[in-house]
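Let us walk through a protein structure together, from the whole chain down to single residues. Have the sequence and the 3D view ready as you read.

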Amino acid sequence: MNKDNLKQFFTHHYEVLRPFIDTYRVESDIIVDPFAGAGHLLRLFEDVETFAIDIDPDVEPDLVADSFVDIPTFSNPLIITNPPYSHRHVLQKQDPKLYELVTAAGYTDLYEYSIKRIIDQLWPVPIFALIPENFVASRTTKLRKELYDHVRAMQIHVDSTCDDTTQPTIMVYLTPEKVEHTDLWLDDKFKEKVVIDKNGFRPDLPQCENCVDFGMKPDQSQECLDTSILLQATDGGSEQNRIKLMRVYDRFDSKHFHNKISDRAYIQIVPHFPMTEEQIQTLIVEFNQWIDDWRESTHGLGLTSFRGNIGGFRRKRLDFKLARQVINRIMADQITL
Ligand SMILES: C[S@@+](CC[C@H](N)C(=O)[O-])C[C@H]1O[C@@H](n2cnc3c(N)ncnc32)[C@H](O)[C@@H]1O
C-alpha cells in the first residue's frame, strides 16, 4: 500500500483538541474514526468505547475497510476524524480513479469528499473533523456551501497538529441541527461567536467604481504606469514579509513593470488617472492597515491559506477580486480628483 497516496499524516499533537472536544461533545455509546491511522485522535477518549477504521491493515485498525463506501452502522456514535487531504490536481497524478470521484462530486480537495462520504453514510450524527482551514478561508469551497449552517464550533490551530504536514488546520464540530452562530476558538481559548455564511468570512464591502487595472494593458499611459504601485498578494517566508502594497522599486530593481511582476505573487496596480505622491502614500498606508486589521479580526480566516504554516505564521494569499474591492474603496473614500 502506497503511504503517500493514503495521506498518512497523523495528529501527533492532539492535546490542544481536548478542551474544545470536552466543551461540545454529546453523550454517545461509541467514538468512531473512519480514517483512524494509528488512532491518535481516539486517545482523547478514555471513558467510552472507541472504534478505528482504516483502509491500511498495517496501522492495525479495529476494521479494515474503505470508508468512502463501507462505514458500518453504529448505535449512538460520535465521529471524530482527520480525513485524508489532497488537492485534486495532486490526485490526478497519484490516483486517477479517486480524482474522477472527487471531481465528479464537484469538490476540489479529497478532505471535502471524505467528509461528504461520512455524511452520506451516517448522517444525522455529530462529527468532529480536523480539516484544512481553507474550509472557511478559501473563497470557493463546495463543502462549506453545503455545511456552513451546521458548524456549531470551530477551533483554529496556531501551530500544526501534525509533524508531517504544515497545512493549517481547524477542527470543526458539525451537528445535524442547524445553527445560527459558530463558537470560534483559538487553540484552547474560546474567542467569540461568529457567523459563517456560504462565502465564509468574506468582508461586506460597498461596490465602488473600478479605478485601477491589475497588470499591463496595451493602452495604459506612461504617466499612470509611472505610479509604479506593486501588490505583493502572498505572504513570504516570515511574519514581516507579508501581503502588502508598496512601490515597485521597493522590491525590484526597476521603476516600472518588468516581467517578474506578473504572477500570483506580485502584480503592478495601474490607476486610471495619474496620482500624486501623497495620494499613492495614502493608498499604500490605508491598504496595508486594512489588510493587517482584516487578518487580525478574522484570526486569519478571512484570507486563503498559502503554502502552509511556518512556526505559527499561517501564510496567506489575497485574491485579486478582494484586493481590487479594497483598493477601489480606498480610492473612492480618500483619493477623489
Ligand atoms: C490524515 S490520516 C489521519 C489519521 C488519524 N485520523 C489521525 O488523525 O492521526 C488519514 C488516514 O486515512 C486512511 N485512509 C485513506 N483512505 C482511506 C479510505 N478510503 N478508507 C479508510 N481509510 C482511509 C489512511 O490510511 C490514513 O491512515
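What follows is a tour of this model, beginning with the overall picture. Please keep in mind that the model is predicted.

Start with the chain as a whole. The C-alpha trace spans about 70 × 40 × 35 Å along its principal axes. Within the chain you can find 11 helices and 15 strands. Of the 337 residues, 37% are buried. The chain also brings together residues that stand apart in sequence: among contacts between residues at least 6 apart, 67% join residues at least 24 apart.

Now look at how the chain is divided. The domain assignment gives domain 1 (3-194) and domain 2 (212-334). Taken over C-alpha atoms, the centres of domain 1 and domain 2 are separated by 35 Å. The domains do meet, though: 15 residues of domain 1 are in contact with 10 residues of domain 2. On the side of domain 1 that touches domain 2, helix H6 (residues 134-137) gives the largest share, with 3 residues. Sorted by class, that side of domain 1 has 7 nonpolar, 5 polar and 3 charged residues.

Next comes the sheet. Nine strands form an open sheet with mixed pairing, in the order E3-E2-E1-E4-E5-E7-E6-E8-E9.

Is isoleucine 156 buried or exposed? A residue counts as buried if 20 or more other C-beta atoms lie within 10 Å of its own. Isoleucine 156 has 21 such atoms within 10 Å, so it is buried. Leaving aside residues up to four places away in sequence, isoleucine 156 touches Glu133, Ile170, Trp185, Leu186, His299 and Leu301. Histidine 299 is 143 residues away along the chain, yet the C-alpha atoms of isoleucine 156 and histidine 299 are separated by 8.1 Å.

From here, turn to the nonpolar interior. In soluble globular proteins, nonpolar side chains tend to be buried together. The largest nonpolar core in this model has 71 residues, and those with the most contacts inside it include Phe128, Ile170 and Met171. This core draws at least three residues from each of domain 1 and domain 2. Methionine 171 touches several residues beyond four places away in sequence, among them Leu17, Phe20, Phe128 and Met154.

Beyond four places away in sequence, leucine 110 touches Pro84, Tyr85, Ser86, Leu91, Leu98 and Val102. Tyrosine 99 and leucine 110 are 11 residues apart in sequence, and their C-alpha atoms are 8.4 Å apart in space.

Our last stop is the ligand. How many residues surround the ligand? There are 23, and the closest are Phe10, Thr11, Phe35, Gly37 and Asn82. By class, this shell has 11 nonpolar, 7 polar and 5 charged residues.

How values were computed:
Residues numbered from 1 in each chain as written. Predicted model: local features only at pLDDT ≥ 70, side-chain atom pairs only at ≥ 80, totals over all residues. Near = placed C-beta within 6 Å. Nonpolar A, V, L, I, M, F, W, Y, C, P; charged D, E, K, R; others polar. Domains from an automatic or database assignment. Contact = placed C-beta atoms within 7 Å. Helix = DSSP H or I, 4+ residues; strand = E, 2+ residues; numbered from the N terminus. Buried ≥ 20, exposed ≤ 12 C-beta atoms within 10 Å, placed from the backbone. Core = buried A, V, L, I, M, F, W, Y, C linked by C-beta atoms within 7 Å. Pairing = 2+ DSSP bridges.
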